[in-house]
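Reader: I am new to this structure. Please show me how to read it.

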Amino acid sequence: MSSGKSFAVLGLFDSPDALMGAIPKVRGKQLGTLEAYTPYPIHGIDDALGLRRSPLGGMVLVMGILGAITAFGFEYWISAIDYPIVTGGKAPSSWEAFVPIMFEVTVLFATFTAGLGMLLLLNKLPFFGHPVLSSDAMKAITRDRYALAIESEGEGFDAEAAKAALLAAGATQIEVLPEPDRGPFLSADYILRVAGGIFAACVVAGLAMFGAVKLFPVLAPMSHMEDQPRLNAQKADPFFKDGFGMRMPVAGTVARGYLPLGVASQDEAASLVNPLPRSPEVLAMGKKIFHNRCELCHGALGNGVPTLTAAYGAKPANLQAQQFRDYPDGKIFWVITMGKNAMPSHAADLTETQRWAVVDYVRALQRAQNATDQDVKEAGAR
């Protein structure tokens with residue numbers, strides 16, 4: 001349907017040279033927006049029409065960089081912060097493993113930006129029923145003729161002046177294109193029809209896929225994951241000679257972050273040296289761990305008075321006793337690591353640094369409860 005107004009005046013030319021020669025003549029009269037339609041690209045026509053350089057390249061570059069940063073951020077958060085896993089002895093934050101996904105997301109962002117940016121932002125589509133598509137000149141434009149259109153910019157468009165300008169510039173055929181009826185694009189009826197069509201397509205596709213899977217459950221080389229060879233945890237398996245599916249670690253290997261102590265007994269552990277300084281940060285860490293894990297049995301002062309009732313049958317060590325005050329740091333560290341009597345090992349729950357921090361805090365408790373005159377003088381001076 002037409003609104004009665006003119007959308008543009010279209011002039012046909014027989015050669016690209018004639019079109020290029022007509023553009024500056026018509027452009028100088030400033031009758032409206034100039035647009036050219038050709039069967040193939042013509043070098044220099046963008047500059048002749050006064051079109052600005054397309055921002056699409058910059059848009060794609062920015063969104064591609066944003067895609068790479070987004071992918072890196074997600075992968076870094078998952079691999080290094082939220083759920084760190086050491087794979088192949090590499091640190092969880094090894095960025096080299098992120099490159100394939102970063103590349104894919106970069107291409108995804110750039111591709112969508114190129115397509116949607118060109119269509120929606122620059123070409124201002126969708127524009128259904130563009131007048132040029134239904135014009136009489138369309139067949140000639142797509143074959144061997146060249147068109148120059150003066151499109152209206154508002155209410156003051158003078159179609160007669162535009163026709164005269166195109167004829168004066170050498171156009172061999174003139175056509176006035178009516179303004180299309182631009183009704184609302186996203187009407188309620190249109191949305192319902194589109195939603196209904198999508199729903200019907202999904203139903204048909206789902207039923208067709210269900211039927212295909214029933215008819216052809218397995219197609220070579222595809223197979224169900226549950227049928228593939230695998231080892232089940234805690235289950236026997238004939239793959240190995242001993243019949244066990246789960247395997248012991250290779251002899252001599254050490255898990256990352258779990259280096260052996262290098263000593264075989266508590267007496268040998270006396271040679272271990274505490275690598276942590278007794279700084280406020282280390283003592284704060286040791287205090288927190290002692291409060292959460294040790295205070296229940298050894299007491300808040302480490303004097304072996306538990307907070308448990310008499311039903312607790314074990315006898316925690318009094319860490320304030322002279323025996324333990326004379327212990328080297330390595331012996332206390334050994335007990336925390338390996339456990340002793342009723343005390344279990346804390347190696348699985350505390351890192352080596354955390355265990356040494358507890359040793360430092362125990363030393364602070366011992367000194368606080370057995371302060372010398374010099375300690376009192378120093379405390380008073382502070």
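**Charges, shape and a helix**

Author: Start with charge. The protein chain has 33 positive and 36 negative charges, and their mean positions lie 7 Å apart. Lys and Arg count as positive, Asp and Glu as negative; His and the chain ends are not counted. Each charge is placed at NZ of Lys, CZ of Arg, CG of Asp or CD of Glu.

Reader: What kind of model is this?

Author: It is a predicted model: local features need pLDDT of at least 70, side-chain atom pairs need pLDDT 80 or more, and totals for chains, interfaces and linings use all residues. Residues are numbered from 1 along each chain as its sequence is written, and side-chain values use heavy atoms, without hydrogens and water.

Reader: How many helices and strands does the protein chain have?

Author: Helices (H or I, at least four residues) and strands (E, at least two) are DSSP runs, numbered from the N terminus. Here there are 13 helices and 4 strands. The radius of gyration, taken over C-alpha atoms, is compared with a globule rule: 2.2 Å times the number of residues to the power 0.38. The protein chain has 41 Å, well over the 21 Å that the rule gives for 382 residues, so it is more spread out than a compact globule.

Reader: Which helices do they pack against?

Author: After α11 comes G339, with a positive phi near 80°.
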